Amino acid sequence: MKNMDSMRSEQEMMELILRVAREDERIRAVYMGGSRNDPNAPRDFYQDYDIVYIVRDITSFTSDHSWIDVFGPRLMLQMPEAMREPEGKGNFNYLMLFSDGNRIDLRLFPLEKPELIEDDSLNSALLDKDGILPDFPKPDDSSYWVSRPSELYYASCCNNFWWCMQNVAKGIARDERPYAIEMFDGVVRAELNDMVSWYIGCAHGFSVSPGKMGKYFKRFLPEDLYHQYLATYSDSEPENLWRAVFTACDLFGRLASQVGGQLGYRYNRQDEEHMRGYLRWAQAHPVDEIKVEGGKE
């Protein structure tokens, strides 16, 4: 890999992306989305170039992928529509990481399918040979603002967080750590992240974006809450898993109560109290210390 000091600049990359489009008659329009159009996103050299080419005869591109070599030597390429379970709506994606550290996520949309052009507040037109692109407004991150939950969605989040904690507890108690970790980080954390996002939304009038997968939590959470959130991550040791579980319970209960109060929704504290009791019991009763007729539940 090249030294990062030789990384092509944003100006060089944009000139290359547009030069390719101008010189190829099959490419009729170009627009860009993503963090490079987000006025609130931090600027750094890890930002991707999220580019869309609107093209004629898309199969002339996808039948011979060597045309993308013009963008430079690559470290790795991913083509989702050419992988194990191809899905798409007639579009094609080239995700390219280059040897100088730059990355372009390039999507090809067929000219005959204008409905593929997303209604996304971060989009901006870069080239339009035929006047086919919509009149994109000035980019902002409003498409990604956290939404105010309905009362049903809020209640469902709370119920699922506490309900699925029993599965985490049983996984730890049975020393089935891969299951416990996946249930905790893959299922329960999604509910925790929603609650954290709603807490941020309440504090900012639901007019900010917490970022994909909570990447901006640090920006919006008070320092103590952010460090408490980080402490919900664990290694695979049972005592550390239990510590993370109870930290997540403390954080979720605190935020759910505040969010419910802000939105005028009832928080079911009984579910929390009952599940906390179950978790304490499961922590004190690992399977190798008790016998249950008929095997596991």
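This is a predicted model: local features need pLDDT of at least 70, side-chain atom pairs count only at pLDDT 80 or more; totals for chains, interfaces and linings use all residues.
Which helix gives the most to the lining of the largest pocket? That would be H4, with four residues.

**View 1. The largest pocket and the residues around its centre.** This pocket has a volume of about 840 Å³. It is lined by 30 residues, and the closest to the centre are Tyr144, Ser209, Gly211, Lys212 and Lys215. Sorted by class, the lining comes out as 14 nonpolar, eight polar and eight charged residues.

**View 2. The largest nonpolar core, with its 49 residues.** Tyr154, Met165, Met195, Phe252 and Leu279 are the ones with the most contacts inside this core. Helices H3 (151–173), H4 (177–203), H5 (217–220), H6 (223–230), H7 (238–263) and H8 (269–284) each put in at least two residues. H7 supplies the largest share, 13 residues. In soluble globular proteins, nonpolar side chains tend to be buried together.

**View 3. Zooming in on Met165 and its neighbours.** Leaving out residues up to four places away in sequence, Met165 touches Phe184, Val188, Val245, Ala248, Cys249, Met275 and Leu279. Another core, of 28 residues, lies apart from the largest one, and its members include Ile17, Ile58, Phe71 and Met96.

**View 4. Asp24, a buried residue in a loop.** Look for Asp24 between helix H1 (10–23) and strand S1 (27–33). Asp24 counts as buried because its relative accessibility is 15%, and the cut-off is under 20%. Again setting aside residues up to four places away in sequence, Asp24 touches Phe61 and Lys129.

Conventions. Residues are numbered from 1 along each chain as its sequence is written. Side-chain values use heavy atoms; hydrogens and water are left out. Buried means under 20% relative accessible area, exposed over 50%, partly exposed in between (1.4 Å probe, protein chains only). Contact means heavy atoms within 4.5 Å. A nonpolar core is a set of buried Ala, Val, Leu, Ile, Met, Phe, Trp, Tyr and Cys residues joined through side-chain atoms within 4.5 Å. On a 1 Å grid over the protein atoms alone, a cavity is a set of points where a 1.4 Å probe fits but cannot get out, and a pocket is an open set with protein on both sides within 12 Å along at least five of seven lines; lining residues have an atom within 4 Å of a point. Grid points are joined across faces, edges and corners, and a volume is the space filled by probe spheres set on the points. Ala, Val, Leu, Ile, Met, Phe, Trp, Tyr, Cys and Pro count as nonpolar, Asp, Glu, Lys and Arg as charged, and the others, Gly among them, as polar.
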